[in-house]
Amino acid sequence: MNMSSSHALWPEFIKAVQHEVAPALGCTEPISLALASAIAAQHLAKTPERIDAKVSANLMKNGMGVTVPGTGTVGLKIAAAVGALAGNPDGKLEVLKGLTQAQVDAGKAMIAEQRVSLSIADVPHILYSEACVFHGEEWAKVRIADSHTRVVYIEHNGQVIFELADVDAATAAAAYDIASAKAQDVYDFATLAPLEMIDFIDAAGVLNDALSQEGMKGTLGLHIGATLQRQIATGLMSEGLLSNILIRTTAASDARMGGATLPAMSNSGSGNQGIAATMPVVVVAEHIQASKEQLTRALMLSHLMAIYIHSKLPKLSALCAVTTASMGAAAGVAWLLTGNFKTVSMAISSMIGDLSGMVCDGASNSCAMKVSTSAQSLYKSVLMAMDGVGVTGNEGIVAHDVDQSINNLGQLACQGMVQTDVQILQIMLHKQAK
């Protein structure tokens with residue numbers, strides 16, 4: 001290992017994790033629109049009577065089918081409405097924390113009275129939300145672009161209050177720079193950095209485990225986790241570490257997608273990605289009775305590896321990014337069980353060979369299905385790697401080098417799946433129009 005080059009990246013790794021791993025209440029795409037609405041309402045300084053919302057095609061895809069927390073209602077319109085009426089403009093991804101039933105009812109009334117419009121914005125941004133709120137002749141508009149909380153434009157009654165001159169994705173990513181990093185660098189940092197430098201990641205385990213426990217009640221989403229747990233009693237599933245990984249990881253996604261009012265610790269702007277990067281590591285750490293330090297380092301390895309892999313992808317794409325977050329979890333689990341980088345890299349490459357075709361067809365309760373599939377793949381890939389077996393560079397998009405495998409996956413998402421994304425949205429919009 002080149003210690004000097006490795007250490008030079010450590011401050012950037014810290015900034016990356018602090019920027020990309022954050023509490024989020026609800027699916028982050030509707031929440032982004034809710035935040036735009038809340039900030040617009042703050043500048044209007046009057047109760048909004050009408051809302052005109054516009055979002056990018058990708059954000060429309062990810063917001064159409066998901067339950068907004070605390071509302072029991074699906075979709076972007078309710079997010080815009082309750083964000084404008086009751087959102088905390090300073091709350092970032094927790095903008096809707098603490099909604100009351102009266103506030104939710106008022107938002108639903110706005111929608112029923114057709115005072116909330118929603119359309120696709122013709123913008124170059126993959127991630128974009130815009131809310132214009134009205135009271136009589138007065139209005140205020142807010143635009144968010146390139147990341148879920150990045151405000152790029154505020155206007156009130158025709159006066160521009162705030163505008164970023166450069167609103168491209170490169171500027172959004174400028175909070176940190178890990179472009180020169182390799183998977184080995186990520187591994188070295190997580191396993192060698194002083195514990196006090198990285199122990200803030202422990203909060204991910206606490207938040208996402210609480211969400212998992214909520215999902216195990218079996219009342220939210222598709223309650224897949226609770227269903228699988230019941231099947232152990234019937235003998236249709238066997239009890240064991242794999243079952244426990246699937247059940248507890250999926251239960252957290254059930255709760256999140258089903259509208260639980262508990263926050264998830266997100267990764268790369270997604271609660272499900274945060275869950276996928278966290279819960280398998282927590283479950284395996286408990287199983288082997290890992291020390292607190294081991295759990296901390298495994299969580300840091302998982303979350304940072306997930307960020308590193310996701311940095312090769314668009315912010316939103318046709319590739320389900322729960323898969324890449326689960327590749328991070330594979331790294332954390334492999335390190336817990338073997339303590340060596342070779343197993344980590346083999347497991348990640350095998351997952352790329354396994355899951356590279358999983359598409360994102362919008363955020364919804366069925367995301368928990370993809371979470372369970374990815375969790376199963378990671379454990380299978382780790383066990384194979386521990387036995388010296390994995391998908392090799394002779395097969396498909398997998399390369400002999402793990403970093404090249406990751407780059408190939410990024411090329412597939414950035415270039416090869418663009419038309420797939422368009423087709424998925426067309427199918428979803430056609431369904432909604434019927």
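Trainee: Are helix 14 and helix 15 roughly parallel or roughly antiparallel to each other?

Mentor: Two packed helices are described by the angle between their axes and the distance between the axes. This is a predicted model, in which local features need pLDDT of at least 70 and side-chain atom pairs pLDDT 80 or more, while totals for chains, interfaces and linings use all residues. Residues are numbered from 1 along each chain as its sequence is written, and side-chain values use heavy atoms, without hydrogens or water. Helix 14 (residues 322-338) and helix 15 (residues 341-355) pack at about 150°, their axes 8 Å apart, and therefore count as roughly antiparallel (angles over 145 degrees). Helices here are DSSP runs (H or I, at least four residues), numbered from the N terminus, and axes are lines fitted to C-alpha atoms over the stretch in contact, with angles from 0 to 180 degrees between N-to-C directions.

Trainee: Which residues in helix 14 meet helix 15?

Mentor: With contact taken as heavy atoms within 4.5 Å, Thr 323, Ser 326, Met 327, Ala 330, Ala 331, Ala 334, Trp 335 and Thr 338 do so, and their partners in helix 15 include Ile 348 and Leu 355. The residues of this contact divide into 11 nonpolar, 4 polar and no charged (Ala, Val, Leu, Ile, Met, Phe, Trp, Tyr, Cys and Pro count as nonpolar, Asp, Glu, Lys and Arg as charged, the others as polar).

Trainee: How many residues line the largest cavity?

Mentor: Rolling a probe the size of a water molecule over the atoms shows where empty space is left. A cavity is a set of points on a 1 Å grid over the protein atoms alone where a 1.4 Å probe fits but cannot get out, and lining residues have an atom within 4 Å of a point. Here 29 residues line the largest cavity, with Asn 62, Ser 270, Gln 273, Ala 321 and Cys 360 nearest its centre, and helix 16 gives the most to the lining, with 3 residues.

Note on methods:
On a 1 Å grid over the protein atoms alone, a cavity is a set of points where a 1.4 Å probe fits but cannot get out, and a pocket is an open set with protein on both sides within 12 Å along at least five of seven lines; lining residues have an atom within 4 Å of a point. Helices (H or I, at least four residues) and strands (E, at least two) are DSSP runs, numbered from the N terminus. Angles under 35 degrees count as roughly parallel, over 145 as roughly antiparallel, 65 to 115 as roughly perpendicular and the rest as oblique.
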